Amino acid sequence: MIVIIDGHSIAYRAFYKTPPLMTSSGFPTGVIHTFINTLLKIKNKLKPEQIIVSFDSKGETERHRKLKEYKAEREATPDDLIPQIEKLKKILPLMGIPVYALEGFEADDIIYTIINKFDTKEIVLVTKDKDIYQLVSDRIKIYDDIRDHIIDSKGVLEKFGVESNQIPDFLALTGDASDNIPGVKGIGSVTAKKLLREFNSLDDIYANIDKIKGSVKEKLLAGKEIAYLSKSLTELKIIENLKLIETKEQREELKKELEALELHTLYNRL
């Protein structure tokens, strides 16, 4: 089994839910401390043969070019978080954990690409992003490390009311406020689930639009363009030039890094 972690998901949670910690010189370390402890918890629980961490990159992506409002309402990354993420990118490889971050690409696309390179391996993903649920299958599952719960295909159906492969169509209809994806105005989750149970996909919905009556039909017709734009924002992309990284644990270098950060207890635990 391989565990792939959405690094920003863990880092942001650590930043907002753990007390501040810093070195005697004032460098923040609370996120680093909590992040690595979370990795150890996941490792002890799932016992994977490998852990991989993916981070979002700075700057504009293809999705921002399609919709300038994409993720626009998210708060800017806190100043104390940025240097800790950069430090984690250096520390994790010293632990033998490959780190992926590519300019112009989101962590979700990196994760999707890596999954396709390990096409026979069982994969467990650690993330909170809704669009990642489209990847869940017999081979791929999501681990909720807060609730200590594995989400499989049945779990996706229970959570969203649609199959995992329908998640892009579902979000195309309902939108996703966390990413500022608009969806079809006036179409909520109840209506979206009903439509997808009857017609299976966004294409099938519009191919059978004359079978849909009343205000729902009107909303779908008015929102057709934005529905397909929204779906394109949720669909994951293969990154053609991404190559797998090999890393080996480097204990002495790791010790130097953690001692410089005054994380002595954490190093002893490792």
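Colleague: How does α7 pass α11, in a left-handed or a right-handed crossing?
Modeller: The crossing of α7 past α11 is right-handed, that is, the near helix is turned clockwise from the far one by less than a right angle. This is a predicted model, where local features need pLDDT of at least 70 and side-chain atom pairs 80 or more, while totals for chains, interfaces and linings use all residues. Numbering starts from 1 along each chain as its sequence is written, and side-chain values use heavy atoms, without hydrogens and water.

Colleague: At what angle do the axes of α7 and α11 cross?
Modeller: Roughly 135°, and the axes of α7 (residues 167-174) and α11 (residues 224-234) come within 8 Å.

Colleague: Which residues make the contact?
Modeller: α7 brings P168, D169, L171 and A172, and α11 brings A227, S230, K231 and T234. Contact means heavy atoms within 4.5 Å.

Colleague: New topic. Which residues of α1 are buried?
Modeller: In α1 (residues 7-17) they are G7, H8, S9, I10, A11, R13 and A14. Buried means under 20% relative accessible area, with a 1.4 Å probe and protein chains only.

Colleague: And what covers them?
Modeller: The cover includes strands β1 (2-6), β2 (50-54) and β4 (123-126), plus helices α2 (30-46) and α4 (81-94).

Colleague: Where is T34, and is T34 buried or exposed?
Modeller: T34 lies in α2 and is buried, at 19% relative accessible area.

Colleague: What does T34 touch?
Modeller: Leaving out residues up to four places away in sequence, T34 touches A14 and T18. A14 is also one of the buried residues of α1.

Key
Buried means under 20% relative accessible area, exposed over 50%, partly exposed in between (1.4 Å probe, protein chains only). Helices (H or I, at least four residues) and strands (E, at least two) are DSSP runs, numbered from the N terminus. Axes are lines fitted to C-alpha atoms, for helices over the stretch in contact, and angles run from 0 to 180 degrees between N-to-C directions.
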